[in-house]
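Visitor: Please put the sequence and the structure side by side. I would like to ask about a few places in turn.

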Amino acid sequence: MLNVYKAALGPILLAQARWLRRTALRLPEAAGPRKGVEGESDSPGEPLRILVVGDSSAAGVGVSEQAHALAQPVAKLLTARTGKRVAWQLVAKSGVNTREALEFLKHSQLCPADYLVTALGTNDVTSQRRPTQFLHDYVALADMLRGRTGAVGLVVTGLPPLRILPAAPHPLRWYLGRCAIQLDQALREWTEQDSMMRYVSLDWAARPEDMAQDRFHPGPRQYRQWAELVTEKIQSLLAVSESGLAQGS
């Protein structure tokens, strides 16, 4: 049905998309380190290791510093809640869809990780990739990352609620929102098939007043909420891992 609307509204959608690309405010990726270790150096045991990968939202577009974005705040929260040191790495690039992320990650230097966090999909919507294409590349990306880092768990961020995207006019906003829902549903169903995967919905972020200055990316308050949710999911995966170790000992 969505293809019928696309065909009927095609000229309008194309004109609005071109206007949006031409007029959109371009914000930089958040400044600061993209890897580090949080926690006291004398904390017992090996550090917990996380790798965050994705597009502009993972890169922190919408805030000025990585300390207020996603990866580093997740590491800080995990340290505070587990008492463990947390080694973190961020590998993200603005503008990439999932296939493009897969390609640039193949050539990126990745540290070993216990848990992965992914944030992709918005650019798959804007580049009009089908749900089957999107999910195929997402699965390949997850498999590649697990193989290269040794990660046992994966936290998948769902797509943002593009239906409320204030930077886009109607009917483009409505159309992008419908496309995002399709990709998000595919992601959710996939994560439910694996006990060591978790899905984080972003539907709560449907508050234009909390978004960044470009009216496209998350603002500081939304990044804080996102980091809290990701941290909770990693903790739940950590509990599963520790339970398995206890049963096997």
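Visitor: What does Ala67 count as, judged by its relative accessibility?

Guide: This is a predicted model, in which local features need pLDDT of at least 70, side-chain atom pairs count only at pLDDT 80 or more, and totals for chains, interfaces and linings use all residues. Residues are numbered from 1 along each chain as its sequence is written, and side-chain values use heavy atoms, with hydrogens and water left out. Buried means under 20% relative accessible area, exposed over 50%, and partly exposed in between, with a 1.4 Å probe and protein chains only. The relative accessibility of Ala67 is 36%, so Ala67 counts as partly exposed.

Visitor: Which residues is Ala67 in contact with, leaving aside its neighbours within four places in sequence?

Guide: Ala67 lies in the loop between strand E2 (48–54) and helix H2 (71–82); helices (H or I, at least four residues) and strands (E, at least two) are DSSP runs, numbered from the N terminus. Contact means heavy atoms within 4.5 Å. Leaving aside neighbours within four places, the residues in contact with Ala67 are Gln72 and Pro73.

Visitor: How many Å apart in space are Ala30 and Glu65, C-alpha to C-alpha?

Guide: Ala30 is in the loop between helix H1 (2–23) and strand E1 (35–38). Ala30 is buried, because its relative accessibility is 5%. Beyond four places in sequence, Ala30 touches several residues, among them Val63, Ser64 and Glu65. Ala30 and Glu65 are 35 residues apart in sequence, and their C-alpha distance is 4.7 Å.

Visitor: And how many Å apart in space are Ala67 and Arg99, C-alpha to C-alpha?

Guide: Arg99 belongs to the residues of H3 that meet H5, while Ala67 is in a loop. In sequence, 32 residues separate Ala67 and Arg99, and in space their C-alpha distance is 28 Å.

Visitor: What is the relative accessible area of Asp124?

Guide: Asp124 lies in helix H4. Leaving aside neighbours within four places in sequence, Asp124 is in contact with Asn97, Thr98, Arg129, Phe134 and Leu183. Asp124 counts as buried because its relative accessible area is 0%.

Visitor: Are H3 and H5 parallel or antiparallel to each other?

Guide: Axes here are lines fitted to C-alpha atoms, for helices over the stretch in contact, and angles run from 0 to 180 degrees between N-to-C directions. Angles under 35 degrees count as roughly parallel, over 145 as roughly antiparallel, 65 to 115 as roughly perpendicular and the rest as oblique. The axes of H3 (residues 98–106) and H5 come within 8 Å and cross at roughly 20°. H3 and H5 are therefore roughly parallel.

Visitor: How many charged residues are in the contact of H3 with H5?

Guide: Among the residues that meet are Arg99 and Lys106 in H3, and Asp137 and Arg148 in H5. The contact holds nine nonpolar residues and one polar residue, and its charged residues number four. Ala, Val, Leu, Ile, Met, Phe, Trp, Tyr, Cys and Pro count as nonpolar, Asp, Glu, Lys and Arg as charged, and the others, Gly among them, as polar.

Visitor: What are H5 and H6 to each other?

Guide: H5 (residues 131–149) and H6 pack at an angle of about 40°, with their axes 9 Å apart. Residues that meet include Pro131 and Phe134 in H5, and Ala186 and Trp190 in H6. H5 and H6 are therefore oblique.

Visitor: Which residue's backbone oxygen does the side chain of Thr191 reach?

Guide: Thr191 lies in helix H6 (residues 172–191). Thr191 is buried, because its relative accessible area is 4%. At 2.8 Å, the side chain of Thr191 reaches the backbone oxygen of Arg188.

Visitor: What is the omega of the cis peptide bond between His170 and Pro171?

Guide: Pro171 sits in the loop between strand E5 (153–157) and H6. The bond joining His170 and Pro171 is cis, with an omega of about 5°.

Visitor: What is the phi of Gln128?

Guide: Gln128 is in the loop between helix H4 (122–126) and H5. Gln128 is partly exposed, because its relative accessibility is 31%. Gln128 is not a glycine, although it has a positive phi of about 60°.

Conventions: Polar contact = N/O pair within 3.5 Å; in protein donor to acceptor, adjacent residues only side chain to side chain.
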